[in-house]
Amino acid sequence: HPRLQTDYYKNKPNLDVFADALSLSRNKICYNGDLFTRKDYEAFTAGFPQVEAVMLGRGVLTDPDLVGHITGGTLPDQERFKGFHDLLCSEYEKVMSGDRNVLFKMKELWFYLAPMFADSKKYIKKIKKSEKCVVYECAVNELFANCPFNITAEQ
C-alpha cells in the first residue's frame with residue numbers, strides 16, 4: 001500500500017514509491033489506494049499495466065457498482081444505488097440489535113456516499129442527527145428525492 005500508516009486516508013498514495021517497490025518485487029502485486037472511479041482505475045492501469053490486480057476498498061463504498069462501471073463502462077444509476085442502500089440497511093436491521101447499532105453503521109457509510117449527491121449538505125446533517133431508524137429513513141428518502149447524483153462521464 002503506497003501510503004504510510006500515519007497518513008491514514010488523508011494523503012495521496014505515493015506512486016513513485018509504489019513504482020520503485022513494483023520494480024524490485026519478484027511477487028505478484030495487488031494495488032490498493034484511492035481508486036474511486038472508472039477514471040481513477042483507468043489512469044492507474046495505464047500507468048502500471050504490469051499490475052494484475054487491484055483492491056477497490058473505499059471505492060466500492062462510494063459506488064457499490066464500481067466494478068460494473070469499470071468493466072461495463074456505465075455510470076452509477078441512482079435507482080440501483082438506492083436499492084443497494086435500502087437492502088444494506090434492512091439487512092443490518094435484521095442482524096443488529098437496536099436502532100443505535102444500525103444507525104452507527106449506516107451513518108458511517110454516508111461519509112463515503114454523500115459526495116455522490118449534489119446539494120446534499122442539509123440532508124446529510126439530518127441523516128447524521130437521526131436517532132431512530134424511521135427518522136433516518138425519512139431523511140435518506142428526502143435526500144434521494146431532492147439531490148441529484150453528482151456523477152459525470154469523466155468519473
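Start by selecting the residues that line the second largest pocket: Lys12, Pro13, Leu15, Tyr31, Gly33, Asp34, Leu35, Phe36, Asp40, Ala43 and Phe44. Keep in mind that you're looking at a predicted model. The space in this pocket comes to about 240 Å³. Now highlight helix H2, residues 38-47. That helix gives the largest share of the lining, three residues.

Next, zoom out and switch to cartoon view. The protein chain holds eight helices and two strands. Trace the chain from the N terminus and the elements go α-β-α-β-α-α-α-α-α-α.

Of the 155 residues, 33% are buried. For contacts between residues at least 6 apart in sequence, 56% link residues at least 24 apart.

Last stop: the cysteines. How many disulfides are there? The count is zero, going by a cut-off of 2.5 Å between cysteine sulfur atoms. Select Cys133 and Cys89 to see an example: the sulfur of Cys89 is the nearest cysteine sulfur to Cys133, yet it sits 5.6 Å away, so Cys133 is in no disulfide. Is Cys133 buried or exposed? It counts as buried because its relative accessible area is 6%, under the 20% cut-off. Finish by selecting Cys147, which is buried too, with a relative accessible area of 1%.

Note on methods: Residues numbered from 1 in each chain as written. Predicted model: local features only at pLDDT ≥ 70, side-chain atom pairs only at ≥ 80, totals over all residues. Heavy atoms only, no water. 1 Å grid on protein atoms, 1.4 Å probe; cavity = no way out; pocket = protein on both sides within 12 Å on 5 of 7 lines; lining within 4 Å. Points joined across faces, edges and corners; volume = space filled by probe spheres on them. Helix = DSSP H or I, 4+ residues; strand = E, 2+ residues; numbered from the N terminus. Buried < 20%, exposed > 50% of the residue type's maximum accessible area, 1.4 Å probe, protein only. Contact = heavy atoms within 4.5 Å.
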